[in-house]
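Hi everyone, thanks for coming. Please take a look at the model on the screen, and I'll walk you through a few of its features.

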Amino acid sequence: MTGHVAVVTGASRGIGRAIAVDLARVGADVALFGRDELALAETRAACTDARPGAKVTMHVADVASEPAVADAVADVLREHGRIDVAVANAGQAKDGLILRFRGEDLDRLIDVNLKSAFYLSAAVAKPMMKARAGSIVLVSSIVGLAGNPGQSAYAATKAGLLGLAKSLAKELGSRNIRVNAVAPGLIETAMTTEMPAAAREHYLNTIALGRAGSPEDVAPVVTFLASDAARYVTGQTLVVDGGFLM
């Protein structure tokens, strides 16, 4: 991917950081999107450690805001001159039974998990269409495929990403722009450390490989979808769950 430019949202930590580092490792220059400037700086350092000389820029923005995403993408185009890959990874989790779930929490999940991916895809589509090439990867979840009690709102937003990926794959395919999704399972991140012990035990007992995944298990799958190795893959969802859903 030498010479390619990749945008990664939610790049401050966890899966987003691992994706950014892996893309830098294989030769891409990376534009990091997130709200935590200090954490983005740590990701940038990790990227340049993986490939000294990589051009890595930071863009502090709330990707739940359409104008903020548009401005950040415009900055990337000014600084890097192109965008070849866009990874919509930003996400939040909020669990709760539907009878107790607050409307404002639902709105925030929709904004961060779903709208941000829509905004990013819309912002990068124009330069990709002009270049007649590009790859967009949306980071969903196995909860969006299978559902989970107490996670109806989260599951709804993650399922929405799957529909978005398929629709955009059909909409943009004629311009040689590929759109795919990745659905991670139980991955060891700050988001999953708050999982109730009983739920965690259930997951671990059901995973065929018998362990939780790491962000580094997910990142190479995203890199594959972003690369020319997946040049004939679009509209697909790759599940990275250690054999939980079978």
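Let me start with a question: is Arg132 buried, partly exposed or exposed? Its relative accessible area is 46%, so Arg132 counts as partly exposed. Before I go on, please keep in mind that this is a predicted model.

Where does Arg132 sit? Arg132 belongs to the loop that joins helix 4 to strand 5. Its backbone is worth a look too: phi at Arg132 is positive, about 55 degrees, although the residue is not a glycine.

There is another residue of this kind to show you. Asn176 is not a glycine either, and its phi is positive at about 65 degrees. You can find Asn176 in the loop between helix 6 (152–172) and strand 6 (177–184). With a relative accessibility of 46%, Asn176 is partly exposed.

Now let's go back to helix 4, which takes in residues 103–131. How far apart are its end C-alpha atoms? They are 41 Å apart. At 1.5 Å a residue, the 29 residues of helix 4 should span 42 Å, so the two values agree.

Which residues of helix 1 are buried? They are Ile15, Gly16, Ala18, Ile19, Ala20, Asp22, Leu23 and Ala24. After helix 1 comes Gly27, with a positive phi near 115 degrees.

Next, some empty space. Rolling a probe the size of a water molecule over the atoms shows where such space is left. How many cavities of 30 Å³ or more does the structure hold? There is one. The largest cavity contains about 40 Å³ of space. Around it you will find Thr9, Ala88, Asn89, Ala90, Asn113, Ser116, Ala117 and Leu161. Helix 4 turns up again here, giving the most to this lining with three residues. Sorted by class, the lining of the largest cavity has four nonpolar residues, four polar ones and no charged ones.

Then there are the pockets. The second largest pocket has about 270 Å³ of space. Its lining is made of 16 residues, and those nearest its centre are His4, Asp84, Ala133, Gly134 and Ser135. Both helix 4 and strand 5 (134–139) supply at least two residues of this lining, and the largest share, three residues, comes from helix 4. By class, the lining of the second largest pocket has seven nonpolar, four polar and five charged residues.

Finally, the aromatic rings. A pair of aromatic rings is described by the distance of the centres and the angle of the planes. The count here comes to one aromatic pair. Why is the pair of Tyr203 and Phe244 called stacked? The ring centres are 4.8 Å apart and the planes lie at 25 degrees, so the pair counts as stacked, for which the planes must be under 30 degrees apart. Tyr203 is in helix 7 (residues 197–206) and Phe244 is in the segment after strand 7 (237–240), so to speak distant parts of the chain, 41 residues apart. Both Tyr203 and Phe244 are buried.

Note on methods:
Residues are numbered from 1 along each chain as its sequence is written. This is a predicted model: local features need pLDDT of at least 70, side-chain atom pairs count only at pLDDT 80 or more; totals for chains, interfaces and linings use all residues. Side-chain values use heavy atoms; hydrogens and water are left out. Helices (H or I, at least four residues) and strands (E, at least two) are DSSP runs, numbered from the N terminus. The expected span of a helix is 1.5 Å times one less than its number of residues. Buried means under 20% relative accessible area, exposed over 50%, partly exposed in between (1.4 Å probe, protein chains only). On a 1 Å grid over the protein atoms alone, a cavity is a set of points where a 1.4 Å probe fits but cannot get out, and a pocket is an open set with protein on both sides within 12 Å along at least five of seven lines; lining residues have an atom within 4 Å of a point. Grid points are joined across faces, edges and corners, and a volume is the space filled by probe spheres set on the points. Ala, Val, Leu, Ile, Met, Phe, Trp, Tyr, Cys and Pro count as nonpolar, Asp, Glu, Lys and Arg as charged, and the others, Gly among them, as polar. Rings of Phe, Tyr and Trp (its six-membered ring) pair if their centres lie within 6.5 Å; planes under 30 degrees apart count as stacked, over 60 as edge-to-face and the rest as tilted.
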